[in-house]
Amino acid sequence: MDQYEVRTVLVDTCSFVNILILNVFNKLGSDKNSPVRASYPLVGLEDKTVAMLGTINLLLVLGDEKYRRELYVVFVVVDILFAYNVILSRPVLNYHSIIINMGAMCLKLSAPGGIVVV
């Protein structure tokens with residue numbers, strides 16, 4: 001499986017949808033991961049309604065070589081110009097016990113023997 005490092009990720013505790021920008025999706029370059037068509041709009045992104053191109057289930061890896069967490073996340077693919085490449089939502093954080101440390105500007109993952117800072 002190819003691995004890509006995606007930077008400029010927004011962790012949005014108010015959002016309930018994980019978003020992947022079309023430019024990033026195109027850089028993945030894998031036809032087998034083509035998005036599943038969806039026909040409902042997203043409301044509230046950029047203060048307007050945005051049409052989604054579809055959804056895709058991708059493996060997301062958080063952490064480093066020693067402490068890492070792999071999880072599958074469903075992303076909505078949208079074609080907009082946006083400052084971030086990916087938006088991670090609150091349900092992903094809650095389901096996988098990921099804690100946001102705003103003072104350190106990092107994520108903390110629960111791991112065997114303690115907590116890992118990402």
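Trainee: How do the residues of the lining of the second largest pocket divide into nonpolar, polar and charged?

Mentor: This is a predicted model, and the pocket in question is lined by D12, S15, F16, V17, I19, L42, V43, G44, L45 and I87. Asp counts as charged, while Gly is placed among the polar residues. Sorted in this way, the lining comes to 7 nonpolar, 2 polar and 1 charged.

Trainee: Which strand gives the most to the lining of the second largest pocket?

Mentor: The lining includes L42, V43, G44 and L45, and the strand that covers residues 41–45 supplies 4 residues to the lining. The space in this pocket is about 190 Å³. The strand that gives the most to its lining is β3.

Trainee: What share of the residues in the protein is buried?

Mentor: A residue counts as buried when its relative accessible area is under 20%, and the accessible surface of the protein as a whole comes to about 7900 Å², with 53% of that belonging to carbon and sulfur atoms. Of the 118 residues in the protein, the buried share is 34%.

Trainee: Is S15, one of the residues that line the second largest pocket, buried or exposed?

Mentor: S15 sits in the loop between β1 and β2, where its side chain reaches the backbone oxygen of V17 at 3.0 Å. Leaving out residues up to four places away in sequence, S15 also touches I87, S89, R90 and P91. Because its relative accessibility is 13%, S15 counts as buried.

Trainee: Which residue has its backbone nitrogen 2.8 Å from a polar atom of the side chain of N18?

Mentor: N18 lies in the loop between β1 (9–12) and β2 (19–21), and it counts as buried because its relative accessibility is 9%. Beyond its neighbours within four places in sequence, N18 is in contact with V73, V74, F75, V76, I87, L88, S89 and V92. The backbone nitrogen that lies 2.8 Å from a polar atom of the N18 side chain belongs to S89.

Trainee: How far apart in space are V11 and I87, C-alpha to C-alpha?

Mentor: V11 is found in strand β1, and it counts as partly exposed because its relative accessible area is 27%, which falls between the cut-offs of 20% and 50%. I87 is one of the residues that line the second largest pocket. In sequence V11 and I87 are 76 residues apart, whereas in space their C-alpha atoms are separated by 5.8 Å.

Trainee: Why does V36 count as exposed?

Mentor: V36 has its place in the loop between α1 (22–28) and β3, and it touches L53, G54 and T55, not counting residues up to four places away in sequence. Its C-alpha is 6.2 Å from that of I56, although V36 and I56 are 20 residues apart in sequence. A residue is exposed when its relative accessible area is over 50%, and V36 therefore counts as exposed, with a relative accessible area of 55%.

Conventions. Residues are numbered from 1 along each chain as its sequence is written. This is a predicted model: local features need pLDDT of at least 70, side-chain atom pairs count only at pLDDT 80 or more; totals for chains, interfaces and linings use all residues. Side-chain values use heavy atoms; hydrogens and water are left out. On a 1 Å grid over the protein atoms alone, a cavity is a set of points where a 1.4 Å probe fits but cannot get out, and a pocket is an open set with protein on both sides within 12 Å along at least five of seven lines; lining residues have an atom within 4 Å of a point. Grid points are joined across faces, edges and corners, and a volume is the space filled by probe spheres set on the points. Helices (H or I, at least four residues) and strands (E, at least two) are DSSP runs, numbered from the N terminus. Buried means under 20% relative accessible area, exposed over 50%, partly exposed in between (1.4 Å probe, protein chains only). Accessible areas come from the Shrake-Rupley method with a 1.4 Å probe; for residues, only the protein chains shown count as cover. A polar contact is a pair of N or O atoms within 3.5 Å; within protein, one must be able to donate a hydrogen and the other to accept it, and residues adjacent in sequence count only if both atoms are side-chain atoms. Contact means heavy atoms within 4.5 Å.
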